[in-house]
Amino acid sequence: MRQLIPLLLLGGCATVTPAPAPETLVPAGHVAPVVAPAAGPGLRAALATDPALEPLLAAARTGSPDLETAAARVLQARAGLRAARAQMAPSVDASASVRRSRQSQEQFGPNAPPGLILPTLTFYEPSLVAGWEVDLFGRLSASRKAAAARLTAAGADAEAVRLTLETDIARGLVAVRSLDGRIAAATEAVTAARGLDHLARVRAEAGLVTGLDAATTAADVAQAEAALPPLLAERAAQVAALSRLTGLSVARVAETIGRDVPLPSAAQWSLPDIPSDLLKRRPDIRSAAARLTAADADVAAALAARYPRLTLTGSLGWLSTTVANLFTGDALAATLGGTLSAPLLDFGRTAAEVDRSRAVVAETTALYRAAVLGALAEVETELAAARGAQAQAADLARTVEALRTARRLSEAQYRGGLTDARAVSEASRRLAEAEDRRIAAEGQALDAALRMELATGGPLTTG
């Protein structure tokens, strides 16, 4: 037995160790655009100017079904850890029984002295039974470590749900503000088209221009009006999506959002910096690392199940036929002992459980690696998208200013009879398209920046 114990201890240590997360954003073989933050207010400062954001977030914190689900999973993991800890402590069971029996007097024969054996007896039997498994080879401590790691993973998952929820709410609000701007621009284009159409009809009735001008401007009015319904429908869909995220009714969300709140211009805020401890900040990576730790501990517990278990037991009981003599010394009965048990023949069940646990470790390791690679790819992708959208919005802003000038000049020439309505129509159409694209690019830049903050692990929103 003395020669066997070192081998058993070595077997219990045959587990794997999860690889630590890289300390910096760029592990070996990766190139990520780490840059210093640009001058100007940050993303959260820009979002803080919207009065609807904080009420929507507050509603989501109390009414979101996603957060409720995540919180329930944390409670489950916490209960699992308590159960694992309790397995390492002694257990004490109490019982009490009352039995009434009747004995046959004929079993002693006709010569038995009368009254020697009572025909009816009542037995009172309370007892305490205690048991404690000595954790010789670390099976219970490994199970406790696995439960603690799963609680850590559940907490990280809950944080990821919260961050994603807050980001989705901010993105939804940005989408609504962007659509409001596009709707306002489309409405302005309709008003301008109607004004030009009125002028063309007046001039056509006066014989100053041909009917072609009136037909052209009438088509422009119809085209400008046709741009509004899709935008209104998309806005209604975004409000409905915010209702799902916050737990509020659609009418309450619409009331909270309101209107006439401008979208922050891409030139008014700077992209957030990329933290050097990105991989430690992301809750999904912390969750993957914790699940890897739990899987490793499960391997240790499965290995320890191969080896003997030592269980100490004790019992304390009383047996009496009268309540008065129940807790006297003569009625006391006690036992104390220990049991050493080991699997002898299980037809490979324990070995199969070890193999299964090791396969889970291999799967969890791959998931951890995928989470790290995904984090790096997300940050680079969203940073490029945000930069591209900001640059596009700046270029389109200059385009819009130039087209405003072009439309103003073409209208002046049309009023002076120097050109026909087609030149004004073309200038108006190009201006409306550029303005719509500019506002959409502003929203896309802000949306990409929000996704990038989510990819860096937060904090999000207004902090």
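The side chains of E435 and R438 meet in a salt bridge with an N to O distance of 2.9 Å, where a salt bridge is defined as a side-chain nitrogen of Lys or Arg within 4 Å of a carboxyl oxygen of Asp or Glu. Because E435 and R438 are three residues apart in helix 12 (residues 421–455), about one helical turn separates them. E435 counts as buried at 11% relative accessibility, buried meaning under 20% relative accessible area, exposed over 50% and partly exposed in between, with a 1.4 Å probe and protein chains only. Helices (H or I, at least four residues) and strands (E, at least two) are DSSP runs numbered from the N terminus.

The model is a predicted one, in which local features need pLDDT of at least 70 and side-chain atom pairs count only at pLDDT 80 or more, whereas totals for chains, interfaces and linings use all residues. Residues are numbered from 1 along each chain as its sequence is written, and side-chain values use heavy atoms, with hydrogens and water left out.

| Pair | Helix | N to O distance |
|---|---|---|
| E435 and R438 | helix 12 | 2.9 Å |
| R162 and E166 | helix 5 | 3.4 Å |
| R407 and E411 | helix 11 | 4.0 Å |

R162 and E166 are four residues apart in helix 5 (residues 139–205), so about one helical turn lies between them; R162 is partly exposed at 31% relative accessibility, while E166 is buried at 8%. Helix 11 spans residues 349–415, and R407, leaving aside its neighbours within four places in sequence, is in contact (heavy atoms within 4.5 Å) with A192, A427, S428 and L431. Beyond these pairs, a network of salt bridges links D50, R177, D180, R235 and R259.

The four strands form an open sheet in the order 1-2-3-4 with antiparallel pairing, two strands being paired if DSSP finds at least two bridges between them. Strand 1 (91–102) and strand 4 (332–341) stand at the edges with a single partner strand each, so one side of each is left without a neighbour in the sheet. Neighbouring strands are turned by 20° against each other on average, direction ignored, the axes being lines fitted to C-alpha atoms and angles running from 0 to 180 degrees between N-to-C directions. Strand 1 is joined to strand 2 (residues 120–134) by twelve bridges; within this pairing A96 has P126 as its bridge partner, and V92 stands opposite A130. A130 also has a bridge partner in strand 3, namely G314, in a pairing of strands 2 and 3 that extends over eight bridges.

V92 takes part, with L128, L316 and L332, in a nonpolar surface patch of about 320 Å². Such patches are made of residues with over 30% relative accessible area and no salt bridge, like charges being joined within 9 Å and nonpolar side chains (Val, Leu, Ile, Met, Phe, Trp, Tyr) within 5 Å. L316, found in strand 3 (residues 309–318), is partly exposed at 32%.

Taken as a whole, the protein chain comes to twelve helices and four strands, and 38% of its 463 residues count as buried.

Notes. Areas by Shrake-Rupley, 256 points an atom, 1.4 Å probe, with all protein chains shown as cover.
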